[in-house]
Amino acid sequence: MISIILLSGFGIINLFVGFLKSKRILLPLSLLFLAIVFGINLLDWNDTKSYFDNMITIDNYAVAFTGIMVLSTLLILPFTQHYITRNDENIGELYALILFSLVGAIMMVSYNNMLMLFIGIEILSIAMYVLAGSDKRSMRSAEAALKYFLMGSFFTGVMLFGIVMVYGATGTFNISEIAGSAEAMGTGGANNVMFMLGVLIIIIGISFKISAAPFHFWTPDVYEGTPTVWTAYMSTVVKTAGVAAFYKLMDAAFSASYPGWMPTLVAIIVLSLLIGNVGAVVQQSMKRMLAYSSISHAGYLLMTLLAFNNFSTSAILFYSFAYSTASIAAFGVLHLVAKQRGSENYEAFNGLGKTNPLMAFAVTVAMMSLGGIPLTAGFFGKFFVFSALIENPDMMWLIVVAVILAAVGIYYYFRVVIAMYLHPVAEDHTPIQSTSFINVMLIIISALTILLGIAPALLSGVL
Amino acid sequence: MITALLLFWPALAALLVLLIKGEGAKKVAFIATLVEFAIALFATVNFVPDATTQFALDIPWVERAGIGFSIGMDGISLLMVLLTAFLVPLIVLSSFKHDYKNPHVFYALVLFMQTGLTGVFVAMDAFLFYFFWEVALIPIYFIAAIWGGARRIPVTFKFFVYTIFGSLFMLAAFVYLYFQTAGTELAAHSSNVNAFYQLTLDSATQSWIFWFLFLAFAIKMPVFPFHTWQPDTYTESPTQATMLLAGIMLKMGIYGVLRWLLPVVPLGVSEWADTVLVLSIIGIIYGSIIAIRQHDLKRLIAYSSIAHVGLISAGIFTLNEQGLQGGVIQMLSHGINVVGLFFIIDIIFRRTNTREIASLGGITQTTPALSIMFLILLMGSVALPLTNGFIGEFLLLSSVFQYNYYFGAVAGLTIILAAVYMLRMFQGVMFGTKSEATEGFADLTFHEKAVLIPLVIMVFWIGLFPNTFLSISEPAVGQLLSIINR
């Protein structure tokens, strides 16, 4: 709880420090704020408390997810050291918005009431709309922001509609009371049309937020247009918060009506895996590839929602973090490469293994992790997700589909590795400029990915 | 502890080698692999030939989930580890005359690969096995893709995606099996090999699990029709990578069948054994016939390898003791012969710049040492009595005959066909008149002899005293059979 208050306060401080227009103050300050929040957040461990008339509950689930989201932000922000947009004016607002959006993200993992969920999503989203358009002179950035805003607000509206219908059927916004009320309807509310319609509409709303297919259409365009640092944030923290909120909602409020919404969710998962993986294969731009890959990872993450066992929460936590570290490394290096070589295509990475061995190594580890190859965290992420699901014998076919598509994933992730190590350096390719701080961050991120790939129990055991 | 040492020493050495820029990397890598071989010999001497898993180490890895870092060696594992430890120094030595760019990276990857290979052979936990299975793939992919021939990028990429595709199915099967196991008080399930052996699933489940696992192993071996990645990859890879692939990595697939397929899903195996035998025998004939038609030496050996592996896989799926023992001994023999043959091809290629049989010839005139060694290794491959190939192929063929008379008759053609393509190759390359390319062909240098002589000694050792090795694996094979027939 203190972390929410602190983050809001720190955000306001950032706004005022922003008058100095000095990144050399703002960046360390923001990192310090985040480190403080990370530490304070951990104090709530094993100390479940409810706030605001039971609107928010800070339990271990909330603390763990807040922890990895704050940590991810901590790992992303150093990449703003170089530049965010072509001319970094008004950067104070950007650093403030990141902190504000984290407030929303934390609410999304600690809500106990549908209204808090809605408010959390809105706080997060509105900050993201602005960040998407923060490269003000770029048409693509403006297009991304407009697209994201129009689609986003439409789907938030849709989701609110669903919440209202569930309220209409149960008479409460509190998620545990909704569960009780649904129980009383018989068959977990699966027979109540208004209730089920509400549940399905909420599923659609959240699916949009985590860019699951078929509500993914905005993803490639918005990811492409948004300044890359914020794309990294969008595809890691926003997704983690969305999936954690989704799981909590389905587990706490709607688990009894599982047969009613399961087919819809299965369809969303299959489509996400299919569209994400197949779409990524045909991309020429690495950024769009990562956008499609993020759609497919939404599919893998959602697979945990089909089984509510003690593996599921660990699986989401582990997978989200594994995916986040890998994505941050990939987007981070892409951010530098794209700015300095003027292209986001695979060719821009040609010969990176020669010119910048460290970056190439970090991207290789990231790609292996995203592809789910052992020695990296991504392998155990996939492993835990499949483990969570396999106790549900009806879903064996889904695992088979996921496995086949995971092999497709290897194909496009390794195109980057091949470009870096096997294609010759183009003549005009000078080494990518970077700072020692960013290099250290890349080492830390790669080390984290490998550490969790060797000793997964460090993270999988916490929930 | 010895097992852990065997496992981690190459990885440590790899890190060391990475720090040494330039030519020194070769020598350090060679010494490191010799040390590894010494450790493996020490383990062999201390090995008690019974059915137990020895030098075992079992520490929890993901404790809550019952996944352990369990390693250890029974007779089969030991022989495989010994083969790896024996071949890798020779493979490193065989590269001494090559000037690879960035030698420190090259040798570090070779050593790192050795850790992966050893890990596959000593893992006694399903997920650990899978882990090392993939760990072994990554370095070989980079070795082949960075230092390979002109078409290396698409070819190695196909190899990589193909094998990953297969192994993901293995992972899915392991995860399923894992959830069927009984656990301990600490964890609800266990992925230990013995927990898998105690499973009793119904035959329909075993059938599909069989195919999930078989797909992974069959792609790695490779068994017809999953072999399409193999000839190209062998041809495009640098010689050392081809040696690693054919000499050792291929054995991962066969070892996987022995350890993780036959005893785990015996009902599935008996259901599908006929199919696998037919596929394997098609592979034997198909590989041999295509080998006869090859003009490129490396491709010829690549296809001959498909034929040889077909016989091993046919033999072990007969599920009788001769077949399994034959499979184990033939894995050793094939590893030794194929590494030797690929090295000889490399020697010829380096001196003449061609691998085309048609443009070679007359080499025997100036090279007594090379000719004799080539002939011995070739005879081992053709399975002439007194050589190592004879012992393995005899046991394997006799097991296939016991299983089904007709299968045996067709599989037996392998010996005739092998003689055809091997002798045709020898004739074309070594005899006849000198061609432009082979003019002034020099005999073996000291380094080359140092690689080939140990291999030739092993050809005769296994051929004359097979019991040295058969006695090591016999109790373990017996135990496997008792688990399969329980």
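A crossing is left-handed if the near helix is turned anticlockwise from the far one by less than a right angle, and right-handed if clockwise. The structure is a predicted model, in which local features need pLDDT of at least 70 and side-chain atom pairs count only at pLDDT 80 or more, while totals for chains, interfaces and linings use all residues. Residues are numbered from 1 along each chain as its sequence is written, and side-chain values use heavy atoms, with hydrogens and water left out.

Select helix 16 (residues 377-390) and helix 17 (residues 396-422) of chain A, whose axes come within 10 Å and cross at roughly 165°. Helices here are DSSP runs (H or I, at least four residues), numbered from the N terminus; axes are lines fitted to C-alpha atoms over the stretch in contact, and angles run from 0 to 180 degrees between N-to-C directions. Helix 16 and helix 17 of chain A are therefore roughly antiparallel (an angle over 145 degrees), and their crossing is left-handed.

Next, display chain A together with chain B. The contact (heavy atoms within 4.5 Å) takes 38 residues from chain A and 34 residues from chain B. There are zero salt bridges between the two chains, a salt bridge being a side-chain nitrogen of Lys or Arg within 4 Å of a carboxyl oxygen of Asp or Glu.

Then centre on A:Pro214, in the loop between helix 8 (193-209) and helix 9 (218-225) of chain A. The peptide bond from A:Ala213 to A:Pro214 is cis, with omega near 0°.

Methods: Chains lettered and ligands numbered in written order. Helix = DSSP H or I, 4+ residues; strand = E, 2+ residues; numbered from the N terminus. Parallel < 35°, antiparallel > 145°, perpendicular 65-115°, else oblique.
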